[in-house]
2 protein chains.
Amino acid sequence: MTEKLPVLAIIGGTGALGSGLATRWAAAGYPVILGSRDPEKASAAAQGISGVVAISGTDNRSAAIAGEIVVVTVPFASHRAILEEIRPAVSGKIVIDTTVPLMPPKVATVQMPPEGSASLAAQRLLGEQVRVVSAFQNVAAHKIQKGEAIDCDVLVAGDDKAARETVIALAAAIGLRGIDAGPLANSVAAEALTSILIGINRRYKVDGAGIRITGRFATTTD
Amino acid sequence: MTEKLPVLAIIGGTGALGSGLATRWAAAGYPVILGSRDPEKASAAAQGISGVVAISGTDNRSAAIAGEIVVVTVPFASHRAILEEIRPAVSGKIVIDTTVPLMPPKVATVQMPPEGSASLAAQRLLGEQVRVVSAFQNVAAHKIQKGEAIDCDVLVAGDDKAARETVIALAAAIGLRGIDAGPLANSVAAEALTSILIGINRRYKVDGAGIRITGRFATTTD
């Protein structure tokens with residue numbers, strides 16, 4: 001691998017999904033910067049991750065400035081405020097939004113925001129200069145974090161095909177099959193599925209249910 | 001099997017999904033009535049199906065009256081009109097809605113109706129006396145019709161748990177794994193997935209992609 005890998009900023013990088021993704025991408029050779037509301041927590045989390053290259057922690061805005069690709073892994077309750085915080089830093093960049101609009105206490109019931117989905121809300125808020133790509137909603141965060149095997153495809157939706165392909169490659173770098181799921185409007189499927197998976201985990205006592213797309217893929221972009 | 005199986009009315013029963021489901025349920029011993037706007041077409045289709053018990057064809061309203069469980073398999077463009085037509089006939093019954101709100105020409109882009117999903121629109125239109133259950137959106141209609149093996153789970157959503165279990169049993173009767181997906185609000189996931197599967201079929205040249213829920217199910221209702 002001779003190409004220079006892009007710097008990944010993980011916003012909300014101290015959570016289960018954020019730190020888990022950071023650990024896997026760092027192991028795959030990507031420079032990673034963790035962002036957090038609490039820069040010291042981000043620093044401490046970064047020190048706990050061993051990567052091929054540099055890993056550091058800072059506040060969310062500084063991480064977004066430093067990142068070439070910005071990954072948002074925050075609870076829905078903080079989604080809007082954090083997007084507003086990083087907006088000045090992400091123009092022209094790919095923003096990977098992993099957010100699921102879970103609204104406690106009924107997290108097993110789909111409740112989409114008025115924009116149609118969390119990712120559509122992000123795109124509207126960040127503006128056209130940002131290529132929002134929705135992904136990683138359905139992978140069990142605790143499995144990512146613990147480094148367990150993950151029996152789950154990653155539906156990748158976004159209005160820019162090249163950006164979707166970049167995210168599919170990022171999924172492949174950590175052993176996940178990313179699937180081109182089309183335009184950002186399609187993100188609602190992955191976001192809604194997470195509530196269903198939470199319900200399935202409870203109802204059928206599954207440890208981290210996931211989804212797979214079936215069928216013989218004659219062509220693939222990953 | 002000594003219990004008496006309920007009569008199933010398939011509204012839009014001459015289409016690929018409707019006639020395919022009818023064929024499989026008839027083979028499993030269910031009495032089936034096909035409904036169509038054109039009663040003669042329904043009659044002809046019924047004669048082409050060999051079942052364990054009676055199969056007949058008639059108009060949609062008559063089929064809905066005769067059915068103990070009513071299955072709606074119509075294009076989204078006819079959804080509202082046909083629901084209004086059968087509404088007087090379905091009070092107190094389970095209505096299984098298989099409808100996906102596909103809006104040509106962009107059928108690979110998710111476009112939910114203002115009610116949030118086709119099934120939520122059906123529930124609102126039919127009223128509280130009807131138990132709407134959403135299911136079968138993701139199974140490839142042509143595979144159902146041809147009797148091919150289907151590598152796809154059936155997400156079953158509805159506000160009444162007993163009704164969901166009835167539909168899970170109906171899926172099991174034709175060899176499909178139905179999964180309790182929670183309240184009717186969750187139907188948006190299955191409806192949206194169909195547009196994604198259509199896109200995947202095109203993009204990756206798959207013959208009828210489907211979905212599977214992964215993970216070890218410790219308990220199961222089917």
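How many residues from chain A and chain B does the contact take? It takes 39 from chain B and 39 from chain A, where two residues are in contact if their C-beta atoms, placed from the backbone, lie within 7 Å. This is a predicted model, so local features need pLDDT of at least 70, side-chain atom pairs count only at pLDDT 80 or more, and totals for chains, interfaces and linings use all residues. Residues are numbered from 1 along each chain as its sequence is written, while chains are lettered from A and ligands numbered from 1 in the order in which they are written.

**View 1. The side of chain B that touches chain A.** The elements giving two or more residues to this side are β8 (178-180), α8 (187-203) and β9 (210-214) of chain B. Helices (H or I, at least four residues) and strands (E, at least two) are DSSP runs, numbered from the N terminus. α8(B) gives the largest share, nine residues. Sorted by class, this side of chain B has 21 nonpolar, eleven polar and seven charged residues. Here Ala, Val, Leu, Ile, Met, Phe, Trp, Tyr, Cys and Pro count as nonpolar, Asp, Glu, Lys and Arg as charged, and the others, Gly among them, as polar.

View 2. α8 (residues 187-203) of chain A packs with α8(B) at about 145°, and their axes are 8 Å apart. Axes are lines fitted to C-alpha atoms, for helices over the stretch in contact, and angles run from 0 to 180 degrees between N-to-C directions. The crossing of α8(A) and α8(B) is left-handed; that label applies if the near helix is turned anticlockwise from the far one by less than a right angle, and right-handed if clockwise. On the chain A side, look for A:Val188, A:Ala189, A:Ala192, A:Leu193 and A:Ile196. They meet B:Val188, B:Ala189, B:Ala192, B:Leu193 and B:Ile196.

**View 3. Strand β9 meets strand β9.** β9 (residues 210-214) of chain A and β9(B) run antiparallel and are joined by five bridges. For strands to pair, DSSP has to find at least two bridges between them. To get your bearings, find A:Gly210, which stands opposite B:Thr214.

**View 4. The eight-stranded sheet of chain B.** This open sheet has mixed pairing and the order β3-β2-β1-β4-β5-β6-β7-β8. β3 (55-59) and β8 of chain B are at the edges with a single partner strand each, so one side of each is left without a neighbour in the sheet. On average, and ignoring direction, neighbouring strands are turned by 25° against each other. Within the sheet, β4 (residues 69-72) and β5 (residues 94-97) of chain B pair in the parallel sense over four bridges, and B:Ile69 has B:Ile94 as its bridge partner.

**View 5. Helices α4 and α5 of chain A.** α4 (residues 76-86) and α5 (residues 118-126) of chain A pack at about 20°, with their axes 10 Å apart. The crossing of α4(A) and α5(A) is right-handed. A:Phe76, A:His79, A:Arg80, A:Leu83 and A:Glu84 come from α4(A), and they meet A:Ala118, A:Ala122, A:Leu125 and A:Leu126 in α5(A). This contact of α4(A) with α5(A) has six nonpolar, one polar and two charged residues.

View 6. Most residues other than glycine have a negative phi, and most peptide bonds are trans. A:Pro104 and A:Pro105 are joined by a cis peptide bond with omega about 5°, and A:Pro105 is in the loop between β5 (94-97) and α5 of chain A. In chain B, the bond from B:Pro104 to B:Pro105 is cis, with omega near 5°. A:Lys205 has a positive phi, near 55°, and is in the loop between α8 and β9 of chain A.
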